[in-house]
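Reader: I am new to this structure. Please walk me through it, one feature at a time.

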Amino acid sequence: MMARVRPLLSRFKALLMHGTASLRPTAPWSCLAWLLLMVALPATAAERPLNKDDMAWLQRATFGVDSATVASYRQLGRVGYLNQQLAVRDDHLPAPIQALIDGYDVIRTPPLELLATYREKRKQIGQSPGNTASVAARKELGAFRRKLYTQDASVPLLHAIYGSDQLKEQVVWFWLNHFSIYARKGGVRLVTVDYVEHTIRPHAMGKFSELVLASLQSPAMLQYLDNAKNVKGKTNENYARELMELHTLGVDQGYTQQDVQQLALILTGVGIIRQGPKGAGRRGHQPEGMVRHGVFVFNPRLHDFSYKQFLGHIIKGSGYAEIEQAVDLITRQPACAQFVSKQLAQYFVADKPPQALVTAMARTFLRTDGDITAVLRTMFESPLVIQDKPPGKFKDPAQFVISSMRFVQDGKPIANAQPLVKWLNDLGQPVFGRITPDGWPLDAASWSGSGQMTKRFDVAGEIGSGRNRLFVDPDVAGKSRFPGGAAPDLDTPLYRTTLEPFLSASTRSALEKARSRSEWNTFLLSSPEFNYRWR
Amino acid sequence: MDRRQFLLAAASAAAALPALSFSGKLFAMPVNAPRFLLVFLRGGYDCNNLLVPHGSDFYYESRPTLAIARPDPSNLDSAMPLDAQWGLNPVVRDSLYPFWQRKQLAFVPFAGTSDLSRSHFETQDHIESGQSDEHRSNYRTGFLARLSGSLPGLPPISVTKSLPMSFQGAGRDIPNISLTRDPKSRFDARQSAILSSMYQGLPLAKATADGLALPASISADLRDKMLHASRGAQSAGGFASETRRIARLMRDRYRLGFVDVGGWDTHVNQGSTKGGLANNLRSLGEGLAAYDDALGDQWNNTVVVVLSEFGRTFRENGDKGTDHGHGTVHWVLGGKVNGGRIAGEQVAVKQTSLLQDRDYPVLNNYRDTLGGLYKRMWSLPDSKLQEVFPGAEAKDLQLV
């Protein structure tokens with residue numbers, strides 16, 4: 001054993017010698033961790049250096065590498081790693097992070113109960129005698145809403161940072177944006193976590209048509225795009241239109257206003273259970289043909305049973321079956337395969353992804369009846385997945401924040417997710433904060449304006465300096481604005497393996513000019529190498 | 001051809017001739033191109049307690065505790081009469097009323113959008129996108145972004161923490177900076193230089209350098225200005241100190257600006273001539289007066305439009321406040337504004353005029369009136385106006 005350790009140690013020393021000209025904070029504990037990691041792995045795998053292609057590929061397969069990613073990739077190789085990412089359905093999180101999430105009201109409390117609390121607090125406003133009480137009740141409701149929002153936003157962020165199925169976590173994130181909802185509309189914030197955990201996550205890697213159907217039935221989407229108000233005799237086309245235009249087919253893909261209206265009719269009666277005596281949800285009084293899952297309900301009494309003509313097909317007025325029929329029709333259109341493939345490629349590969357790649361993905365989509373895992377496999381097995389123009393694909397704010405946390409924390413837990421939520425607010429991409437149903441833009445131009453770049457460097461500074469509240473329990477936060485806050489040591493083996501060898505001369509020279517660890521960290525997190533997924 | 005048209009024609013001619021690059025630069029921003037600042041009051045301000053319909057008995061019936069008293073020279077808390085129907089909240093006596101007297105302020109009541117959601121976010125988004133009332137074809141661009149595209153010679157700036165919908169999707173860089181206080185960069189000159197150096201030669205080199213340079217250069221500008229202005233000028237707090245900073249930028253560097261002011265969602269205890277709304281209106285009025293003051297002679301070449309997503313319920317609610325409504329009152333100010341009048345379509349203020357027995361109807365769609373204003377300000381051709389406000393019919397209220 002010792003014999004194997006010693007050469008490793010000397011190699012490590014050599015590694016340290018290399019580049020000592022730079023002002024680099026040293027970190028004995030991280031050397032030790034690295035040593036243990038290397039010992040734990042077969043020497044051959046551990047020795048394999050990562051080249052630029054490996055990194056370009058890993059930066060797309062993950063939100064950003066951490067030591068666990070590197071170890072796993074080295075052990076399994078690219079093919080093995082991809083197979084693992086596509087096959088494993090391991091949603092578990094490190095225990096402290098799981099505990100943090102489990103403490104959230106939005107997780108602990110079922111949506112209907114949350115709704116009841118919310119309604120009660122609203123009622124307080126109307127019932128409070130006198131203005132002082134009314135003001136107090138409004139303040140309390142405001143605080144309740146803010147708390148729920150922060151928790152809503154924290155849940156997917158923590159999964160993205162700490163989840164080991166990084167490809168899946170990205171795909172969850174992608175779908176959350178593709179089937180975008182806005183937490184501040186009405187009661188959407190009460191069902192946002194339900195949307196993430198019970199609508200998107202279970203279907204993220206499955207059949208696209210099932211994902212569409214799940215989102216169609218989700219209380220969040222039903223409220224956000226108003227289909228809860230779409231009833232016989234009083235149709236609301238909002239969701240029907242966006243379902244085709246934004247979720248499945250794209251703009252101007254051969255369907256007509258007539259199709260939109262017909263789809264709206266098909267979707268009448270798809271809504272949310274209303275509580276109270278007038279509601280359709282009373283047990284024992286279910287009309288024939290009613291379908292319920294949780295808060296979702298298809299109420300045949302509110303459904304238009306007329307014949308519909310949709311996308312060139314006749315759809316008989318049969319109730320709930322019409323909806324499944326319509327979703328199948330839409331999702332089997334070649335336009336749908338194209339549209340979804342292109343969006344995926346834009347998210348993972350390039351602002352303007354190679355047409356050959358999109359075509360290959362769309363072909364897989366059609367062949368497999370919309371098997372998302374198969375489409376991802378086609379994308380990640382293609383050499384085109386890393387053929388973006390240099391310098392590569394610019395990270396959007398969410399990718400920047402998540403990859404920063406993966407790099408800085410490297411699996412170590414945080415105690416408070418509030419700063420993450422705040423940073424994304426500051427960077428103009430609040431989680432569940434896109435007002436319009438098109439989701440956040442996927443191109444660099446939307447995120448790289450002069451004001452946005454400066455703000456990003458500011459956030460890099462907040463992370464890099466350690467002057468933030470990531471380790472402050474939000475419930476017992478003191479008065480001090482920046483408690484604790486030593487700059488983290490980022491000059492780690494992870495850095496030396498995955499970033500340092502690939503830094504440009506300009507970035508190296510910038511890092512050499514740093515006068516403190518905090519500054520060095522800020523420059524590193526602000527560097528192009530950290531803000532692009534390279535080609 | 002008047003001078004403005006001449007300059008525009010000259011600008012496009014110069015742009016078409018690459019050989020004249022020097023003069024092209026010279027013409028890129030005609031020296032007297034009018035400036036435009038949009039002030040967005042987020043939250044839906046209560047227009048009925050700013051522009052008071054004192055001629056309406058129904059107003060006084062509807063607002064037993066909130067109404068501003070009918071004009072009465074012996075009562076300083078009464079409305080300041082503008083005409084037989086309308087008056088101003090006296091909290092803007094020293095700020096907005098002088099504009100009115102100089103005929104540099106016009107009000108457009110019954111103004112707003114066709115969006116009837118009465119939801120803050122939906123209506124703000126609707127206004128800022130400026131898309132046609134039928135289906136929106138494009139979620140990703142705002143009307144100021146498109147306007148800026150039509151007027152490449154007018155440098156734009158958004159005086160906000162992040163880029164608002166109005167300015168998104170321009171296809172060119174639109175800087176944004178918050179000026180609620182003296183802008184301070186997190187980074188000093190050395191750090192900024194190092195950060196910029198990493199992006200040299202990359203597509204984001206310019207955005208990076210510009211972004212890092214902006215707070216420092218504005219801060220320096222403002223310091224110079226403060227030295228000149230410090231004699232005698234009281235340091236007005238709140239919005240006024242912000243508009244003085246904006247004026248400095250708009251006078252020297254930018255021509256198309258956006259700023260937003262929050263705090264108008266007065267459901268509870270909004271007050272009349274005292275209280276939260278009165279304070280906000282006073283601060284807003286003082287801010288606009290300071291803007292005029294700080295612009296100096298360039299006020300004559302400036303148009304400011306103040307708008308909000310919607311008006312509020314005409315009747316006060318049970319909490320001595322008002323709830324989300326529809327039609328509102330937009331303001332137009334500037335040295336050359338054809339003011340001292342209530343402009344646009346109007347209707348008598350009585351119960352039967354209300355929309356859904358609740359709030360003001362919209363008779364003057366902002367897309368039409370802003371379109372008409374832009375046409376007069378910059379001689380924008382209809383084809384360009386259609387890009388800014390697709391499907392709108394520019395309505396010329398002769399505001400300038």
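Author: Start with strand pairing. Two strands pair if DSSP finds at least two bridges between them. Keep in mind that this is a predicted model. Now take a case: β8(B) and strand β9 (residues 328-333) of chain B pair in the antiparallel sense, over three bridges. Within that pairing, Val304(B) stands opposite Leu333(B) in β9(B).

Reader: Which strand joins β1(B) to β8(B) in direction: is the pair parallel or antiparallel, and how many bridges are there?

Author: That pair is parallel, and seven bridges join β1(B) to β8(B).

Reader: How many residues of β8(B) are buried?

Author: To judge burial, count neighbours. A residue is buried if 20 or more other C-beta atoms lie within 10 Å of its own. In strand β8 (residues 302-308) of chain B, seven of its seven residues are buried. Look at the two faces in turn. Thr302(B), Val304(B), Val306(B) and Ser308(B) point one way. Val303(B), Val305(B) and Leu307(B) point the other way. Both sets are buried.

Reader: Let me follow one residue. Where is the place of Phe36(B)?

Author: Phe36(B) lies in strand β1 (residues 35-41) of chain B. Apply the count to this residue: 25 other C-beta atoms lie within 10 Å, so Phe36(B) is buried.

Reader: Which residues does Phe36(B) touch?

Author: Leave out residues up to four places away in sequence. Phe36(B) then touches Leu256(B), Val303(B) and Met377(B). Compare sequence with space for one of these: Phe36(B) and Val303(B) are 267 residues apart in sequence, yet 5.0 Å apart in space, C-alpha to C-alpha.

Reader: What share of the contacts in chain B join residues at least 24 apart?

Author: Consider contacts in chain B between residues at least 6 apart in sequence. Of these, 70% join residues at least 24 apart. Chain B has 400 residues, and buried ones make up 51%. Its secondary structure comes to 12 helices and 11 strands.

Reader: Which residues of strand β6 of chain B are on each side?

Author: Sort them by face again. In strand β6 (residues 156-159) of chain B, Pro156(B) and Ser158(B) are on one side. Ile157(B) and Val159(B) are on the other. All four are buried, so both faces are covered.

Reader: What does β6(B) pair with?

Author: β6(B) runs parallel to strand β7 (residues 256-261) of chain B, joined by four bridges. Ser158(B) has Phe258(B) as its bridge partner in β7(B).

Reader: Now chain A. What is the order of the strands in its open sheet of three?

Author: The order here is β1-β3-β2 (chain A), with antiparallel pairing. β1 (270-272) and β2 (291-293) of chain A stand at the edges, each with a single partner strand, so one side of each has no neighbour in the sheet. On average, neighbouring strands of this sheet are turned by 20° against each other, direction ignored.

Reader: How many bridges join β1(A) to β3 of chain A?

Author: Three bridges join β1(A) to strand β3 (residues 296-298) of chain A, and the two run antiparallel. Gly271(A) has Val297(A) as its bridge partner in β3(A).

Reader: At what angle do helices α14 and α15 of chain A pack?

Author: For a helix pair, check angle, distance and contacts. Helix α14 (residues 238-248) and helix α15 (residues 257-266) of chain A pack at about 120°, with their axes 8 Å apart. α14(A) and α15(A) are therefore oblique to each other. The crossing is right-handed. α14(A) brings Ala240(A), Arg241(A), Leu243(A) and Met244(A) to the contact, and α15(A) brings Val260(A), Leu263(A) and Ala264(A). These residues divide into six nonpolar, no polar and one charged.

Reader: Which residues of helix α19 of chain A are buried?

Author: In helix α19 (residues 372-381) of chain A, the buried ones are Ile372(A), Val375(A), Leu376(A), Thr378(A), Met379(A) and Phe380(A). Ask next what covers them. The cover includes α4 (52-61), α5 (67-87), α10 (166-178), α12 (208-216), α17 (334-348) and α18 (355-367) of chain A.

Reader: How many residues does each chain give to the contact of chain A with chain B?

Author: Chain A gives 30 residues and chain B gives 32 residues. On the side of chain A, the elements that give two or more residues are α9 (131-162), α22 (450-465), α24 (505-512) and α25 (517-526). The largest share, seven residues, comes from α22(A). By type, the side of chain A that touches chain B has nine nonpolar, 14 polar and seven charged residues.

Technical notes
Residues numbered from 1 in each chain as written. Chains lettered and ligands numbered in written order. Predicted model: local features only at pLDDT ≥ 70, side-chain atom pairs only at ≥ 80, totals over all residues. Contact = placed C-beta atoms within 7 Å. Nonpolar A, V, L, I, M, F, W, Y, C, P; charged D, E, K, R; others polar. Axes fitted to C-alpha atoms, helices over the stretch in contact; angles between N-to-C directions. Parallel < 35°, antiparallel > 145°, perpendicular 65-115°, else oblique. Left-handed = near helix turned anticlockwise from the far one by under 90°. Buried ≥ 20, exposed ≤ 12 C-beta atoms within 10 Å, placed from the backbone.
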